[in-house]
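Please inspect the entry below before working through the solutions.

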Amino acid sequence: MATSDTFSSSTKHHEITDSSSFSKSRFEAYNRLQSAAVAFGEKLPIPEIVALGGQSDGKSSLLEALLGFQFNVREVEMGTCRPLILQMVHDPTAVDPRCRFQEEDSEEYGNPILSPSVIADTIKSRTDAMLKKTKTAVSSKPIVMRAEYAHCPNLTIIDTPGFVLKAKKGEPESTPEEILSMVISLASPPNRILLFLQQSSVEWCSSLWLDAIRDIDPSFRRTLIVVSKFDNRLKEFTERWEVDRYLSASGYLGENIQPFFVALPKERTAISNDEFRKQISQVDSDVKRHLKEDVKGGYDEEKYKSHIGFGCLKDYLESELHRRYKEATPAILALLEQRCSDVTDQLNILDSKIQATSDVAHLRRTSMLFASSICNHVGTLIDGAVDPDPELWGKTTEEEKSESGMGSWPGVISDTKPPNSTIRLYGGAAFERVMHEFKCAAYSVEYPTVSREKMSNITLAQRRGGGRGNAEAAADIARAAAKSWLAPLLDIACERLAFVLRNLFDLAMEKNQHLHLDYGKKTGDMDGYVGFHAALRRSYNCFISDLAKQRKQLLRQQLDAVTSPYSQVCYETDLLYGPGPKSTFSYQTPCLDFSDQENIPPINSNNKDQGKHLKAGGEGSRILGDRNMLGGQNGSQTHNEIRSLAAQHFARIREVLVERSVTTALNSGFLTPCRERLMVALELDLFAVKDEKFMDMFVAPGAIDILQSERESLLKRQKMLHACLTEFKSVATSL
């Protein structure tokens with residue numbers, strides 16, 4: 001801590017002994033506020049001192065010295081497990097120290113404890129109970145102890161777990177990291193003064209924990225550095241320049257950083273409290289005498305005397321904390337007024353909820369308003385929106401695939417990334433991107449290779465059955481391939497689009513929340529009705545799932561229609577001579593002749609005798625059939641012809657399906673119902689029920705008890721905050 005500019009410039013030594021009634025009342029007010037904050041989990045910027053340092057660096061000894069009595073805190077080793085908030089209250093009437101512990105999760109304190117051993121046992125038992133409850137090696141939830149004593153200052157310090165390099169036997173290996181993380185969390189709030197201890201035997205250049213403190217407070221503006229066990233270093237000094245160079249510490253800490261140098265009694269024998277304090281004073285005197293008499297030339301007393309000895313440190317801490325209390329009082333007063341107002345609003349809302357549980361009509365109105373608002377937001381998001389922020393709420397194509405569980409498109413090997421695949425989109429934009437991606441995937445499907453055996457089976461069967469030969473065989477092959485390869489793509493498209501629409505529920509909720517904050521609560525306050533929110537989400541998801549199921553069925557029907565033997569898609573005249581497979585074909589209606597010609601046999605006009613012979617089923621018929629089998633050179637030509645025709649038929653079926661059927665079916669089957677039928681579906685599912693079933697969403701078993709319990713907790717918090725507010729208003733008048 002830069003004591004020469006940050007602290008010393010604003011704190012004068014004649015203020016150190018400030019014991020006015022105003023100062024004491026201010027200290028008591030902050031103590032009570034701190035206790036209330038711990039009990040109710042309030043985060044208030046109370047000025048606080050946080051003690052940090054490695055184990056064996058003297059933190060525990062310093063705390064006992066500040067208290068003015070020993071209670072064997074080192075023996076219980078609580079520093080490795082749980083923080084301890086020590087609220088020291090100077091009470092001239094307390095000849096013997098009175099210690100009381102704040103109850104867990106309460107602002108109340110227990111009965112006074114006088115025995116030091118009982119104090120240590122209480123710390124240990126509370127620590128063990130908390131660690132057993134949380135199943136951890138350390139816990140950030142503090143123990144609060146109030147010590148009233150005639151020989152302690154008005155001072156509050158948070159003692160943190162000591163840094164360690166390695167876990168003790170029986171502790172998890174992660175304990176050192178957990179302690180460091182906890183200490184950083186406790187030391188990070190800017191309202192806290194950091195009291196960092198490091199023993200004198202450690203050189204600044206090899207300090208293990210100084211860098212950790214620098215990470216928290218880079219300029220040391222709110223850090224006070226204390227060199228502990230200073231007496232261990234004194235014997236090394238013989239010349240004045242040696243002492244002054246060490247006391248300056250400027251080479252490592254900076255010009256404006258002046259540490260305190262403290263030594264405390266080493267004896268741990270059972271002595272009285274009076275003897276303990278005498279030993280502390282004696283060690284202070286011995287250190288200063290050694291510097292003056294046993295070092296040649298002494299030391300720079302004018303510069304360093306105010307920073308040597310435990311007494312100077314104690315006075316400085318007490319003065320600095322009170323100065324910060326005084327400066328922070330107006331801000332704390334304003335914050336308490338705001339918190340009181342917030343808690344009052346929460347109570348009013350809770351009272352309304354409790355009252356509403358017996359008012360079904362009111363619940364129906366407010367919940368329908370809320371559901372209607374969500375549906376409107378869904379429609380807005382489909383049409384296009386920039387709120388909520390797409391960078392936070394949108395998804396890329398890869399994220400959609402991963403989170404939906406729909407990976408690559410079946411049968412598609414090539415890359416199908418649509419335009420804007422790396423941009424975070426939601427709503428209508430994401431829907432359109434999936435539609436485009438489906439088209440890319442469909443057109444990327446290669447016409448599947450058909451074996452000669454399959455082709456021969458189809459072709460020969462067509463001829464035997466009086467079919468139209470190679471063209472009909474190619475059409476059958478194309479239809480089968482289209483059903484096999486395009487059906488899975490249609491299912492995936494429906495699921496991906498349903499995923500996009502399901503995500504809109506959370507976005508609509510977020511949009512509704514912002515609407516409350518920006519324009520007031522116009523759609524009913526449904527916060528806290530978990531059952532209703534769950535039912536609303538379930539009903540919405542079921543609606544989207546039903547749409548996806550219906551679209552799948554419709555698309556399968558359209559696929560069946562396009563691939564039906566009665567479909568004319570494969571026989572349109574532009575198939576063989578028209579544009580490429582990705583162009584838009586025009587329908588041409590074939591000319592149908594219904595004259596009675598079915599009994600006229602096909603006759604080869606060039607060889608009537610052969611025609612008669614074939615009709616008779618003679619040898620020529622067998623030979624001609626053999627020549628047209630799919631074997632040999634002519635067979636290969638026939639195979640290639642059929643394969644080429646089948647590929648063109650497949651492309652034609654795919655284009656007709658994708659361009660004329662799927663796009664319209666998906667847009668009208670998903671987006672139109674979300675705009676026009678969503679609210680009706682929700683109303684039928686959630687509200688078109690009897691009152692008893694409707695109330696199940698709001699008054700589940702035990703729900704009233706939970707609301708009443710929450711109300712009691714809020715009432716306690718309100719009472720506490722109002723008491724603190726009244727006290728701080730009184731304190732503010734003394735400023």
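**Exercise 1.** Identify the bridge partner of Ile49 in β5.

*Solution.* In β5, Ile49 is bridged to Ile157. The model is predicted, with local features requiring pLDDT of at least 70, side-chain atom pairs pLDDT 80 or more, and totals for chains, interfaces and linings using all residues. Residues are numbered from 1 along each chain as its sequence is written, and side-chain values use heavy atoms, without hydrogens and water.

**Exercise 2.** Determine how β1 is joined to β5 and to β6.

*Solution.* Strands here are DSSP E runs of at least two residues, and helices are H or I runs of at least four, numbered from the N terminus. Two strands pair if DSSP finds at least two bridges between them. Step one: β1 (residues 48-53) and β5 (residues 155-159) run parallel and share three bridges. Step two: six bridges link β1 to β6 (residues 192-199), again in parallel. In this second pairing, Gly53 stands opposite Leu197.

**Exercise 3.** Are the residues of β1 buried or exposed?

*Solution.* Buried means under 20% relative accessible area, exposed over 50%, and partly exposed in between (1.4 Å probe, protein chains only). Glu48, Val50 and Leu52 point one way, Ile49, Ala51 and Gly53 the other, and all are buried. Because six of the six residues of β1 are buried, the strand is largely enclosed by the rest of the structure.
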